Amino acid sequence: MADRLREDLIELLPRLRRIGHAIAGSAADGDDLVQAACEKALARADQFREGTRLDAWVITIMRNHWLDHVRSSAERRRAPAEVAEERDDAGLGAARAEHRLMLERTRQAMGALPEEQRMVLALVALDGRSYRDAAEALDIPVGTVMSRLSRARLALSAALALEGERVL
Amino acid sequence: MTDRLDPDLLSAYLDGALDADAAKAVEAHLAVHPEDRALLEAMRRADAALQEAFPPSEARPVPDGLAQTLGLATKPAVIPLRPRPRLMPRLAAGAVLAAGLALAVYLVPGTNAPGPSAPGPRHLSLGPVAASAPLTEALATMRSGDRREMPDGTALVMVASFAVTSGGLCREFYLYGQTDGFFDHALACDGPDGWSVRVATAERGAETAESFQPAGGEGDGAIAAMLDALGAGLMLTAEEEAARLGLGEG
């Protein structure tokens, strides 16, 4: 059972790591999160019900683990967010530097979102999950997935100034 | 600001999560509401930025701990190693501390190197840079984000500048070997005796015309640790950097 589960986890690994990266804010923290979730999943292999969605189950474990440890991580993420503000209009000339800055600001804007919005965005916009899958993994109604998504996207658009001078 | 569409609907439309009737209603609304079209486009671009900021993880090697948990260590390369974009500015404090070990290893290229996957620098040597060397001129004049072909056939991409407590300036850069598939990820700092390469690591990766995607990442830790040791502040902005380099506007 555990061997089979391990193989299934390996198959899921690329997706889990990308989601972890987006949730935790850094690739290394994301990998730590994925590792912790995989360890828990393997330790609880007997709790997994054959025929149910493994990805949803593992993502639920990831989410719970992250929320349990979120306080210590949140502080670490806040510091770089302030850096982004300072550099908001640095006006870097080179396209490459601007591109880097954009990616950095995107990560920081993502990190500044409330946890639950960030998770929905990671699952739907990044991992391409359906609303129903995301709802199942996060144990929330589909309507909540929908509203959190739109709020997250609005916040991200605003932080990245993607919409020009829009006034709400 | 009346007659705006519920953003939830726009967002769901973006995901193709509306039924046919609802999607049609959204499209009819968008046809006559450019402000909501702009909002939809902004959401689309936010998603695109997200995709890029958190790229597919196959680009990153699986860390040892995770590989062990899943029993990957004993299997052939299930997860391919490919270039990954890297994140500036400096790593979080915890990561810097953890990177101390990497610094010890990589500051002494050729010794302790864990196998052929981590060779020493290919194009750079540690220590002072001759005042007449092209690298000196590049370090003193290139803006971050700029790329320059060097006389020896390498290509230098300037990444960032940092002010350090000694009053000096440190510059992080990549030096591409054009053909050998390796590049140096390095940090050089200026001082009374001119520029000196303080950290240089060889990493495998490719530079393409479209994107700049260094691989590996050993240099991240080593450079962050060195910057930390030198008491570097935040990455300089373009204006601060231009001022430090004595460059004019534009």
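This is a predicted model: local features need pLDDT of at least 70, side-chain atom pairs count only at pLDDT 80 or more; totals for chains, interfaces and linings use all residues.
1. Leu9(B), Leu10(B) and Tyr13(B) come from helix 1 of chain B, and they touch Ala23(B), Val26(B), Glu27(B) and Leu30(B) of helix 2 of chain B. Sorted by type, the residues of this contact are six nonpolar, one charged and no polar.

2. Now for the geometry of that pair. Helix 1 (residues 7-14) of chain B and helix 2 (residues 20-32) of chain B have axes that come within 10 Å and cross at roughly 110°. Angles of 65 to 115 degrees count as roughly perpendicular, so that is how helix 1 of chain B and helix 2 of chain B lie to each other. Their crossing is left-handed.

3. Staying in chain B, have a look at Ser161(B), which sits in strand 3 (residues 155-163) of chain B. Is Ser161(B) buried or exposed? Its relative accessible area is 1%, so Ser161(B) is buried. The side chain of Ser161(B) has a polar contact, at 3.0 Å, with the side chain of Arg171(B). Leaving out residues up to four places away in sequence, Ser161(B) touches several others, among them Ser144(B), Leu169(B), Cys170(B), Leu236(B) and Glu241(B).

4. Over in chain A, Arg129(A) is worth a click. You'll find Arg129(A) in the loop between helix 6 (115-126) and helix 7 (131-138) of chain A. Its side chain makes a polar contact with the side chain of Asp127(A), at 3.0 Å.

5. Which residues is Arg129(A) in contact with, leaving aside neighbours within four places in sequence? They are Arg15(A), Arg53(A), Asp55(A), Leu123(A), Val124(A) and Ala134(A).

Key
Residues are numbered from 1 along each chain as its sequence is written. Chains are lettered from A and ligands numbered from 1 in the order in which they are written. Side-chain values use heavy atoms; hydrogens and water are left out. Helices (H or I, at least four residues) and strands (E, at least two) are DSSP runs, numbered from the N terminus. Contact means heavy atoms within 4.5 Å. A polar contact is a pair of N or O atoms within 3.5 Å; within protein, one must be able to donate a hydrogen and the other to accept it, and residues adjacent in sequence count only if both atoms are side-chain atoms. Axes are lines fitted to C-alpha atoms, for helices over the stretch in contact, and angles run from 0 to 180 degrees between N-to-C directions. Angles under 35 degrees count as roughly parallel, over 145 as roughly antiparallel, 65 to 115 as roughly perpendicular and the rest as oblique. A crossing is left-handed if the near helix is turned anticlockwise from the far one by less than a right angle, and right-handed if clockwise. Ala, Val, Leu, Ile, Met, Phe, Trp, Tyr, Cys and Pro count as nonpolar, Asp, Glu, Lys and Arg as charged, and the others, Gly among them, as polar. Buried means under 20% relative accessible area, exposed over 50%, partly exposed in between (1.4 Å probe, protein chains only).
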